[in-house]
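Work through the exercises below with the sequence and the structure in view. Try each task before reading its solution.

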Amino acid sequence: MADDELRSTGKILDVVDLHKSFGTLEVIKGVSFGLDHKERLVLMGPSGSGKSTLVRCLNWIEPPTSGRIVFDGQEVQAGACDIRKLREDIGMVFQQFNVFPHLTALQNVALGPIVVKKLPRADAEAEARELLAKVGLAHRADHKPGQMSGGEQQRVAIARALAMHPKLMLFDEPTSSIDVELIHEVLDVMVKLADEGMTMIVVTHEMGFAKEVADRVIFMDQGLIIETGTPAEVFEHPQQERTQNFLSKVHLA
Amino acid sequence: MAIDVRLIWEKLPFLLGGAWTTFSLTCVSMVFATVAGLIVGLLNMFGGRVLGTITRVYIEAVRGTPALLLILIVYYALPRIGLNFPQFPAAAVSLAVCYAAYIAEVFRSAVESIPMGQTEAAYSLGMSRMQSLRYIILPQTFRRVLPPLANEFAALIKDTSLVAFISMEDLLFRSKMVSAATYDYFSPLVGAALIYLVMTLPIMQWSRNLEKKVD
C-alpha cells in the first residue's frame, strides 16, 4: 500500500460547519469534512439531500450562507479571497454537461486557457487536442456539441475542466443525464483520472464506480452528513437506518 | 370600381421613389435602433440598479405610447425648445428611439433564454462576468436575436408610414398624392400595398428560415 502513503500528502480542502439557505429553506445544515491531496471522495444521498448544493458551494457557484472553506491553505471568503482564482483551481463537471454549443469541441477545451490564463491560442489548442485524445475524442475536435452524444459532450466537458490544470475536480452527477449504454465512456475517463492521482469529489449513484475508485464515501440526507467511511464500510455495513434504506433502493434499481 | 393597372404602371416610378424613402428610412432607423437597443438591453440587465431602473422606465414609456406621438413630439414640439430636426432625421430619430425599446426587450429575452448552466460553466473556468458575456452568452444570443430582429425590421417598414403625418413623401404618402390628383382612391393604394408586400414578405420568410436554423 505504498500508493496510499503517496496519496496522503496533506489536506487540500477543509470545510467547517457549512450552511446554505435559499430564502427560508435551509439546504445545507452544517456540514464539515476535509479532503486530502489525491483523495477521491464520493458523495451519495437521496435527491434533495443537499449533495449537489454542497459541491456547488465549494467553488462558490452557490455562495455559502455561512461556514468556512479552506482550499489549498487559503481561507475562502467572498471578497477576502479571489473567487475567480479559486475557480481556476477547481474544475467542475455538471450533470447537464453545459458545454458551449456555439463552439467546437476543440474551442470548448481551449477557451478557458486562452481567456482566463491568457495562453497563446496555438499552445492552448495544442494542449486541447491532447486532452481530447485523452478522453477518446481526438476525431471529434472540430465537431460542435449539437452533433455529439451525451457521453461525448460530457467527455468534452471533462477535458474543458482539465485544461485549466485544476488541483481538485468536482463532478456533480456526471452520468445522470447520459444514456445508460454510454455511461461507461464517461466513467472510464473518470477512473483514468483517478488512477493518475487527480483529487476529486464525485456526486454519483454509480455504486460500481464508488467501490472501484473512492477512498471515502460520504452519505448525506436532509442537508447533513449521516455517515462516512470507506466504500466497504458504508456499502456493506451501513450503520444508519437512512443509509440502509437508501442503499437498498439503489441496489434494486 | 376596377383597378386601373395602367395608372399604377404610369405612376410606378413616382411610387418607387416613395418606396425608396420608406426603405432608406427603415434601414437608417433600424441600424440606430439595433445599436441603441443592444446598449439599453445590456444596461437594463447588467448595469446595476440605477441604470436598470432608468432603462426600464424608458422601455416601458416607449412601449406604452404610440410611435406616432413620438414622431410628432420630435418634429413639432422639440423645435419649440430649440431642437430643430429636418424631416428625415426627425423621422429616423423618433423611429430609432421607439424601436430601440422593443429591440432592447428582444436582446433581454434572448439573453434570458440562454440556460443558467452556460454562465455557471463559464464562471467555473474562472471567467469574469464580462468574459462570460463576451465569449459565452452574447455569441449565443446573436443567433437567437436574428429572427426576432428580422421581424422588427418588417414591422418597422410598415411603421415608417406614420411619417406621412409630418408630410414626408414615403410610399404611402405618395400613393395618396396620386389618389388626390386622379380621384382614383383604389389603384394607387393597392399599388402601394403590393410594393409594401414586396419589401416585407421576403424579410418575414428570411426570419422563418433563420428560426429553423436556430432550432
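**Exercise 1. Which side chain of chain B does Arg56(A) meet in a salt bridge, and what does the pair join?**

Step 1. The side chains of Arg56(A) and Glu120(B) form a salt bridge, 2.7 Å from N to O. A salt bridge here is a side-chain nitrogen of Lys or Arg within 4 Å of a carboxyl oxygen of Asp or Glu.

Step 2. Arg56(A) is in helix H2 (residues 51–58) of chain A and Glu120(B) is in helix H6 (residues 116–124) of chain B, so the pair joins two chains. Helices (H or I, at least four residues) and strands (E, at least two) are DSSP runs, numbered from the N terminus.

A note on the source: this is a predicted model, in which local features need pLDDT of at least 70 and side-chain atom pairs count only at pLDDT 80 or more, while totals for chains, interfaces and linings use all residues. Residues are numbered from 1 along each chain as its sequence is written, chains are lettered from A and ligands numbered from 1 in the order in which they are written, and side-chain values use heavy atoms, without hydrogens and water.

**Exercise 2. Find the salt-bridge partner of Arg56(A) in chain A, and say whether Arg56(A) is buried or exposed.**

Step 1. The partner is Glu62(A), and the closest N and O atoms are 2.9 Å apart.

Step 2. Buried means under 20% relative accessible area, exposed over 50%, and partly exposed in between (1.4 Å probe, protein chains only). Arg56(A) has 14% relative accessibility, so Arg56(A) counts as buried.

Step 3. Glu62(A), at 16%, is buried. Glu120(B), at 12%, is buried too.

**Exercise 3. Where in chain A are Lys167(A) and Asp89(A), which meet in a salt bridge?**

Step 1. The distance from N to O in this pair is 3.8 Å.

Step 2. Lys167(A) sits in the loop between helix H6 (150–162) and strand S7 (168–172) of chain A, and Asp89(A) sits in helix H3 (residues 83–89) of chain A. The two are 78 residues apart, and the pair links distant parts of the chain.

Step 3. Lys167(A) is partly exposed at 35%, whereas Asp89(A) is buried at 11%.

**Exercise 4. Which residues of chain B belong to one network of salt bridges that share partners?**

Step 1. The network joins Arg56(B), Glu60(B), Arg63(B), Glu105(B), Arg108(B) and Glu112(B).

Step 2. For the whole structure, the search finds 24 salt bridges over all chains.
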